[in-house]
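Here are some notes for a colleague who is opening this model for the first time. Please read them with the structure at hand.

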Amino acid sequence: MDIARSLAPEIDRLVISVYLTTRERHGLDVWDRAQAVGLDSIFLLNDVAEFLLAGCLTEEWAMRRFRYMDTADVMGGLDSLRTGGQIILADDGYRAVPRLAEFLEWLLASRAESAAHQWSNVTSDVEELERLIAPVLAALTPEEFPLAAGHQLLPDPAEPELRLHQHLTTLRFVRADAHGYAWAAPGLTAGDAVALNALWRGGALPPNASATGLAAGGRAAADPWRITEAGVILRDVIEVETDRLNNAAFEILDQAAAARLVELLRRLPGEVPVATG
């Protein structure tokens, strides 16, 4: 069964659309509420709110979640929260102190309202999607999908639409895990992977990426930086391997269930801007 290529864009669309709807409906309140609890930045918080409320955010999970960012920036973000007295180290990881928890609970409530705004009129689809996704989530292991398995352990939200968004995010992390293994296998770093994708798209290198390692392997050429034929072949190999590993997580579903999952995801409302350039 090969459904990874069909699932990935729909999962991305739906997860991102809820974040965009949240920003549209509640974005004007974010800074006032953040400053009210002593925050001068919400860097990282949108992605780790549930972990900090549950007291289980580890540096290992954070580094895996933000693997394409500079390590110093990620650790600096955590250090800022720690030295600012916003998080403390608990038994299972970092936990938000009460004043930060108040802000994070509002953040998740805003996300829940936005997810309901999108999906409350398709309750039966939401419920069926949860039934289809459940065995996939239950079968995730930290050995195969460490980022996704860590996210899957979070408490389920009470609100059905927010719960679906959280579970779709877990499935998004399944592909992130698969992609990480796929580019690491030929010896690439995260920075190499970012550079390879940027050059394949014909764009400029992002600030956090360098093509020097790719050039050493004959996968990119300089002046100006551009991808080589070897680089194109490598990227194709990485995508095929990503799909193979991603598909493995859905092997628990039979063909009919897999097809139904794709069908329901495709018709679930949620729009994101089309990237250009």
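1. Leucine 44 is placed in the loop between helix 1 and helix 2 (45-54), where helices (H or I, at least four residues) and strands (E, at least two) are DSSP runs numbered from the N terminus. Its phi is near 80°, a positive value in a residue other than glycine. Leucine 44 is buried, because its relative accessible area is 6%; buried means under 20% relative accessible area, exposed over 50%, and partly exposed in between, with a 1.4 Å probe and protein chains only.

2. This is a predicted model, in which local features need pLDDT of at least 70 and side-chain atom pairs count only at pLDDT 80 or more, while totals for chains, interfaces and linings use all residues. Residues are numbered from 1 along each chain as its sequence is written, and side-chain values use heavy atoms, with hydrogens and water left out.

3. Aspartate 223 lies in the loop between strand 3 and strand 4, and it counts as exposed because its relative accessibility is 75%. The peptide bond from aspartate 223 to proline 224 is cis, with omega near -10°, and proline 224 is found in the loop between strand 3 (220-221) and strand 4 (226-227). As background, most residues other than glycine have a negative phi, and most peptide bonds are trans.

4. Helix 1 (residues 4-36) and helix 8 (residues 160-184) have axes that come within 9 Å and cross at roughly 135°; axes are lines fitted to C-alpha atoms, for helices over the stretch in contact, and angles run from 0 to 180 degrees between N-to-C directions. Helix 1 is therefore oblique to helix 8, given that angles under 35 degrees count as roughly parallel, over 145 as roughly antiparallel, 65 to 115 as roughly perpendicular and the rest as oblique. Among the residues that meet here are Ala8, Ile11 and Val15 in helix 1 and Leu168, Leu171 and Arg172 in helix 8, contact meaning heavy atoms within 4.5 Å. The residues of this contact divide into ten nonpolar, two polar and four charged, where Ala, Val, Leu, Ile, Met, Phe, Trp, Tyr, Cys and Pro count as nonpolar, Asp, Glu, Lys and Arg as charged, and the others, Gly among them, as polar.

5. Helix 6 and helix 8 pack at an angle of about 35°, with their axes 10 Å apart. Their contact includes Val126, Leu129 and Ile133 in helix 6, which meet residues of helix 8 including Leu164, Leu168 and Leu171. By class, the contact of helix 6 with helix 8 has nine nonpolar, two polar and two charged residues.

6. Arginine 131 is placed in helix 6 (residues 123-138) and counts as exposed, because its relative accessibility is 56%. The C-alpha atoms of arginine 131 and alanine 257 are separated by 10.0 Å, while the two residues are 126 residues apart along the chain.

7. The largest nonpolar core has 62 residues, and those with the most contacts inside it are Leu52, Leu100 and Phe103; such a core is a set of buried Ala, Val, Leu, Ile, Met, Phe, Trp, Tyr and Cys residues joined through side-chain atoms within 4.5 Å. Helix 5 (residues 98-119) gives the most to this core, with nine residues. Leucine 52 touches, among others, Leu45, Ile87, Tyr94 and Leu104, not counting residues up to four places away in sequence. A second, separate core of 15 residues includes Leu188, Val194, Leu196 and Ala211.
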